[in-house]
Structure formats: structure tokens, C-alpha cells
Amino acid sequence: MALVKRALALLMSITLAMELIHAAVYKVGDSTGWTTIGNFDYKKWSATKTFQVHDIILFEYNAQFHNVMRVTHAMYKACNTSAPLATYTTGNDSITIKTRGHHFFFCGVPGHCQAGQKVDINVPQSNEMAPASSVSSSESSPPVPSAKVPGPAPSNAMPLKALKIPSGNIGLAMAVLATFLINFA
């Protein structure tokens with residue numbers, strides 16, 4: 001019975017660790033950081049990313065001149081700084097995304113949001129796999145036709161589906177659990 005309890009604890013630990021391993025760290029603005037200098041397009045930056053739950057959003061900036069406010073969609077659209085959901089002021093703020101959907105941030109220094117220092121971090125629902133997109137359909141761009149790219153060359157390798165190996169976090173956890181039980185039972 002003690003072995004079963006240890007095995008279950010190990011399985012739960014592995015599952016949690018696998019969730020955290022898949023988290024990515026995104027520095028807002030990449031090498032530019034969080035600033036008004038250079039007219040950086042944060043909307044374009046976020047549109048090129050596919051954010052997931054547990055990802056870390058890193059805002060690096062000069063705390064003498066900027067901050068980060070987490071706000072509602074209405075506040076984001078209006079650059080309204082009156083009642084932010086959260087305010088960050090260290091100049092090196094790491095924010096872990098805990099839920100799916102849109103997460104709105106802007107700089108609360110007067111004029112900065114209006115100048116474009118704002119970003120919408122969109123974590124798509126599980127069935128959506130496209131990069132982050134605008135909340136408003138009126139702002140979305142027309143679809144781009146797909147390019148005609150030749151497929152990969154044929155291969156003699158056995159496809160992974162034929163191996164019948166469980167995939168994903170559960171599959172890995174099951175493999176580790178089986179190894180544990182075989183070696184320590």
C-alpha cells in the first residue's frame with residue numbers, strides 16, 4: 001500500500017512538473033522592452049505569439065518613466081487609468097498567466113497608453129491554435145491566402161501512431177510510473 005501511495009504522489013508531481021515545463025517566458029517588446037521610445041508596435045508583437053496558461057509575461061522598463069497596469073478591456077480601449085486591476089512598478093515585472101482569454105496591460109504614465117504602450121496578451125481557448133488576435137472583429141485584418149508549399153519527402157520510418165505510445169503529459173507520466181514500479185516494486 002505504501003508503494004501505491006508513493007507511486008501516486010510521484011505521478012501527481014510529474015504531471016505538475018510537465019505543466020510547468022511547457023511554460024514559456026515572453027519579454028514584452030523583445031529587445032526593445034516596455035517603452036515609448038521607437039514607436040514599438042506591441043499589438044503586432046503579441047499577434048506573433050501563441051500564449052498559453054502558465055506562461056510568464058516579463059515587462060522590463062525604466063521604473064522612473066514607466067509602469068504596468070493590468071486593466072479591463074473597456075479600460076484598455078479608453079486608456080483609462082482610474083481603477084486598474086493591478087499595478088506593477090519594479091521595472092522587472094514577471095506576470096504568470098493563469099487563465100485563458102485576453103489579458104490587457106498598459107503603461108499608466110499620462111500619454112503613454114495613447115502613444116501605443118499597451119498590449120493584449122491573448123491565451124486562446126484549447127481549440128484555438130492561432131496566434132493572439134484582436135478582440136474586436138472590426139479591427140481584424142482580412143484572411144491571408146495560404147502559400148502553396150510542397151509537403152515533406154516520403155519516409156520509410158514507422159509513424160509514431162503505429163507504435164501506440166500514449167502521448168502528452170499523461171503518457172510521459174505513465175511511462176515514468178511504469179519504470180518506477182518495475183524498478184522499485
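1. Salt bridges. Two salt bridges turn up in a search of the whole structure, a salt bridge being a side-chain nitrogen of Lys or Arg within 4 Å of a carboxyl oxygen of Asp or Glu. Side chains of opposite charge can pair when their charged atoms come close. The model is a predicted one, in which local features need pLDDT of at least 70 and side-chain atom pairs count only at pLDDT 80 or more, while totals for chains, interfaces and linings use all residues. Residues are numbered from 1 along each chain as its sequence is written, and side-chain values use heavy atoms, with hydrogens and water left out.

2. Lys-27 and Glu-60. One of the salt bridges joins the side chains of Lys-27 and Glu-60, at 3.0 Å from N to O. The pair links distant parts of the chain, 33 residues apart: Lys-27 belongs to strand 1 (residues 25-27) and Glu-60 to strand 2 (residues 56-60). Helices (H or I, at least four residues) and strands (E, at least two) are DSSP runs, numbered from the N terminus. Lys-27 is partly exposed, with a relative accessible area of 27%, and Glu-60 is partly exposed at 30%. Here buried means under 20% relative accessible area, exposed means over 50%, and partly exposed lies in between (1.4 Å probe, protein chains only).

3. Lys-49 and Asp-30. The side chains of Lys-49 and Asp-30 also meet in a salt bridge, at 3.8 Å from N to O. This pair, too, links distant parts of the chain, 19 residues apart: Lys-49 is in the loop between helix 2 (42-47) and strand 2, and Asp-30 is in the loop between strand 1 and helix 2. Lys-49 counts as buried at 15% relative accessibility, whereas Asp-30 counts as partly exposed at 36%.

4. Two strands pair if DSSP finds at least two bridges between them. Strand 1 and strand 2 are paired in the parallel sense over three bridges, and Val-25 has Ile-56 in strand 2 as its bridge partner. Strand 2 and strand 5 are paired in the antiparallel sense over five bridges, and Leu-58 stands opposite Ser-94 in strand 5. On strand 5, Asp-93 and Ile-95 make up a covered face, while Asn-92, Ser-94 and Thr-96 make up an uncovered one.

5. Four strands form another open sheet, in the order 4-3-6-7, with antiparallel pairing. Strand 4 (86-88) and strand 7 are at the edges, each with a single partner strand, so one side of each is left without a neighbour in the sheet. The twist averages 25° from one strand to the next. Strand 3 (residues 68-71) pairs with strand 6 in the antiparallel sense over three bridges, and Val-71 stands opposite Phe-104 in strand 6.

6. Aromatic pairs. The whole structure holds seven aromatic pairs. Rings of Phe, Tyr and Trp (its six-membered ring) pair if their centres lie within 6.5 Å; planes under 30 degrees apart count as stacked, over 60 as edge-to-face and the rest as tilted. The ring centres of Tyr-76 and Phe-104 are 4.9 Å apart and their planes are at 45°, so this pair is tilted. The pair links distant parts of the chain, 28 residues apart, with Tyr-76 in helix 3 (residues 73-78) and Phe-104 in strand 6 (residues 101-106). Tyr-76 is buried, with a relative accessible area of 11%, and Phe-104 counts as buried at 7%.

7. A charge and a cluster. The charged end of Lys-118 sits over the ring of Tyr-76, 4.5 Å from its centre (NZ of Lys or CZ of Arg within 6 Å of the ring centre and within 35 degrees of the ring normal). Trp-34, Phe-40, Tyr-42, Phe-59 and Phe-105 form one aromatic cluster.

8. Gln-117. Gln-117 lies in the loop between strand 6 and strand 7 (118-123) and counts as buried at 1% relative accessibility. Leaving aside neighbours within four places in sequence, Gln-117 is in contact with residues including Trp-34, Tyr-42, His-66 and His-112, contact meaning heavy atoms within 4.5 Å.

Conventions. Axes are lines fitted to C-alpha atoms, for helices over the stretch in contact, and angles run from 0 to 180 degrees between N-to-C directions.
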